[in-house]
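Subject: Structure handover

Hello,

Here is the structure for your files. Please open it alongside this message, as the notes refer to it throughout.

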Amino acid sequence: MTITSPSSAAPASDVDGPFLQVEDLTVTFPTQDGPVQAVKGLSYSVELGKTLGIVGESGSGKSVSSMAVMGLHDAKSSEITGSIRVGGTEVVGLAESRMRKLRGNSMAMIFQDALAALHPFYRVGDQLAEGYAMHHPKASKRDARRRAIEMLDRVGIPQPDRRVDDFPHQFSGGMRQRAMIAMGLINDPSLLIADEPTTALDVTVQAQILDLLQDLQREFNSAVIIITHDLGVIAEMADDVLVMYAGRCVEFGTTKEILTKPEMPYSWGLLSSIPEVGASTDARLIPIPGNPPSLLKPPSGCSFHPRCAHRGKVPGDLCVTELPELTSASNRAGHLKRCHLPNPQEIYQTEVLPEIAPDLAEETR
Amino acid sequence: MFAYVVKRLLSGVVVLFLISMSVFLLFWYGPSEPAQTICDNDTSNRCTPARLEVFRENLGFNNAWYEEYGTFMKGVVAGREIQFGSTTKFQCDAPCLGYSYRTKAPVFEEMKTRMPATFSVAIGGAFLYLALGIPIGVAAARRRGTLADKALVSSFLVISSIPYYLFALLTWLFLTISWEIPLFAETGYFPITENPAKWFSGMLLAWLALGAFGCTQYTRYARGSMVEVLNEDYIRTAKSKGLTSNSVVYRHGLRAALVPVITIFGIEFGTLLAGTIFTERIFDIDGIGLWALQAVSQRDLPVVSATALFGAAVLIISNIVVDVVYSILDPRVRLS
């Protein structure tokens with residue numbers, strides 16, 4: 001920092017740059033069959049007020065990396081290297097007692113399937129108040145309860161002063177997810193990680209929950225990570241998108257870039273797999289062939305090569321022998337991709353787009 | 001909940017009725033001659049066919065079974081008069097479960113004097129095995145996969161593979177007979193009201209045997225249940241709120257993990273109360289179990305049916321208690 005600002009004397013708040021910075025994060029689980037690298041060399045950052053979307057299929061490492069940020073992996077059964085800085089504090093290797101002070105306080109996580117994620121035996125209000133009381137040791141029981149009611153009200157639960165004493169099973173699915181969000185936000189965290197927050201909900205409720213998250217983000221100006229496999233959610237919510245495959249980042253860029261000019265065949269596959277309301281009936285849904293790779297014995301070279309329809313276009317055996325670097329894409333700075341294809345834009349425009357969205361391909365031509 | 005308990009109790013009465021009838025029928029059509037026992041006793045083993053016939057007539061064995069069963073049930077509700085042989089008549093007040101063929105004492109009275117012994121054994125033993133088993137199980141679950149956990153689980157598996165009667169017998173043989181430890185010198189039941197210290201030392205070895213053996217099983221139940229619960233999503237949520245690990249394990253984990261343990265406990269405790277035959281036999285405690293054992297070998301029909309009914313009643317009640325405890329632990333359970 002070269003310019004001394006008046007506020008620089010205050011601790012924590014003077015952190016310049018992104019609130020969350022992840023660098024070269026690797027998460028390894030030792031198993032009986034050998035080590036499993038669930039996340040490999042992952043780097044990203046999120047600024048306050050911004051939303052990062054992480055997409056990928058099951059087992060791509062999106063949840064594992066976020067759990068690492070929260071410090072939720074059991075230290076005995078996992079090995080984490082690299083750096084994770086939350087508001088300037090390095091959390092990799094941080095003592096559990098200090099980690100606990102951050103968890104639920106300056107960072108919080110919202111889980112999918114709120115029915116399973118809320119304790120079935122405790123009242124919703126008590127579960128909310130518990131998190132508040134933990135980080136506000138001076139607050140009385142009554143304060144914590146009042147805060148719980150306030151938060152339930154804020155996330156749009158009707159008659160919060162009555163519903164606060166309900167059990168989770170007495171809530172509807174959407175209300176449970178709202179309560180989950182209220183629980184995450186009860187201590188005004190600067191970082192909120194939402195792990196598939198809408199997966200278990202029906203479509204109309206999904207939209208309400210996403211709206212709510214956006215409102216709350218504006219209000220609290222927090223950094224948000226939204227983990228999903230639904231590109232519709234990404235389009236709605238995210239400023240930046242990180243596409244993960246087999247534990248690695250395979251493409252990164254602004255949401256617009258990734259959705260309109262993706263340069264990595266796996267991202268193309270994701271785009272081809274979403275049905276679109278109102279798309280012409282000529283448009284085809286093209287599933288990505290094959291299954292996610294085993295993390296125990298990851299494929300050589302590019303992890304995606306066994307499923308990639310375009311690897312023939314790469315000269316030689318490069319895809320099989322060499323892992324592509326994460327390099328700048330052809331379009332714009334800030335757009336990164338991990339692929340050997342020399343002319344991805346051209347292939348996307350001429351081969352992929354006409355298949356998945358013929359009318360869109362017409363327009364851009 | 002009250003209506004539920006009443007409903008369960010009523011259906012329990014039906015079950016008791018059916019059990020009493022089955023026990024009655026088993027004896028009625030069984031291969032032995034109950035009248036022979038009482039005749040032998042009464043005549044110092046000089047039972048002639050003519051005398052036997054008198055007893056058969058008195059005890060109603062010459063009537064149809066349902067008539068006699070009716071008499072028995074009437075006795076339970078209103079009391080009745082019982083005659084043994086040609087001379088002695090007894091007035092048996094309700095609830096009359098009959099007079100013992102062997103001791104000629106009212107069965108219900110004797111049951112009342114024996115119950116404290118059985119309750120002492122069962123409650124003390126159960127307290128010990130829960131108090132040991134659950135904390136050890138939870139501790140093992142928190143350290144699952146470590147050497148300590150594996151050593152504990154396998155050594156407990158070895159103990160619980162030994163038949164219980166052998167385990168209890170060895171305990172008694174070593175501690176009381178071979179090593180002559182003074183504390184365990186005199187096992188047996190001594191009324192707590194007369195001498196609490198003696199009651200305690202008389203029971204102690206039985207409690208320890210039951211507790212040590214039972215705790216190996218409850219450790220396994222509690223460990224298994226806890227390991228499962230600690231993998232639940234709501235435990236991850238509790239951690240993500242920044243709670244201390246003790247709060248996560250005990251407040252959030254243990255309450256959920258107790259539910260399956262309580263189911264097993266309810267059934268086992270009922271069995272324990274209904275008569276811990278081996279424990280009472282080995283440690284010489286005059287309880288219901290020992291009584292039932294003697295009654296069967298002596299063809300003492302009223303005592304056998306009384307102990308069977310007692311066992312059934314205890315099981316029914318402990319099942320109702322388990323259901324009520326369930327509904328307290330888990331708010332999703334509605335008793336109706």
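Predicted model: local features only at pLDDT ≥ 70, side-chain atom pairs only at ≥ 80, totals over all residues.

Domains of chain A

The contact involves twelve residues of domain 1 of chain A and six residues of domain 2 of chain A. On the domain 1 side, strand E2 (34-46) and helix H9 (231-237) of chain A each supply at least two residues. E2(A) gives the most to that side, with four residues. By class, the domain 1 side has four nonpolar, six polar and two charged residues.

The sheet in chain A

E2(A) also belongs to an open sheet of four strands, which run in the order E2-E1-E4-E5 with antiparallel pairing. E2 and strand E5 (89-90) of chain A are the edge strands; each has a single partner strand, so one side of each has no neighbour in the sheet. Strand E1 (residues 20-31) and strand E4 (residues 79-86) of chain A are joined by seven bridges in the antiparallel sense. In this pairing A:Leu20 is opposite A:Val86 of E4(A). Helix H1 (residues 62-70) of chain A packs on the sheet and touches E1, E2 and E4 of chain A. The direction of H1(A) makes about 110° with that of E1(A).

Contact between the chains

Chain A puts 23 residues into the contact and chain B puts in 18 residues. Which elements of chain A each supply at least two residues of the side that touches chain B? They are helix H2 (96-102), strand E6 (107-110), helix H3 (114-117) and helix H4 (124-135). H4(A) gives the most, with four residues. The chain A side divides into twelve nonpolar, six polar and five charged residues.

Chain B

Chain B is divided into domain 1 (36-96) and domain 2 (113-288). The centres of these two domains of chain B, over C-alpha atoms, are separated by 44 Å.

Two helix pairs in chain B are described here. The contact of H6(B) with H8(B) has three nonpolar, four polar and one charged residue.

The second pair is helix H10 (residues 245-273) with helix H13 (residues 301-329) of chain B, whose axes come within 8 Å and cross at roughly 170°. This makes H10(B) roughly antiparallel to H13(B). H10(B) passes H13(B) in a right-handed crossing. Among the residues that H10(B) brings to the contact are B:Leu258, B:Ile262, B:Gly266 and B:Phe269. Those from H13(B) include B:Val314, B:Ser318, B:Val322 and B:Tyr326. By class, the contact of H10(B) with H13(B) has twelve nonpolar, five polar and one charged residue.

Regards

Notes. Residues numbered from 1 in each chain as written. Chains lettered and ligands numbered in written order. Contact = placed C-beta atoms within 7 Å. Nonpolar A, V, L, I, M, F, W, Y, C, P; charged D, E, K, R; others polar. Pairing = 2+ DSSP bridges. Axes fitted to C-alpha atoms, helices over the stretch in contact; angles between N-to-C directions. Domains from an automatic or database assignment. Parallel < 35°, antiparallel > 145°, perpendicular 65-115°, else oblique. Left-handed = near helix turned anticlockwise from the far one by under 90°.
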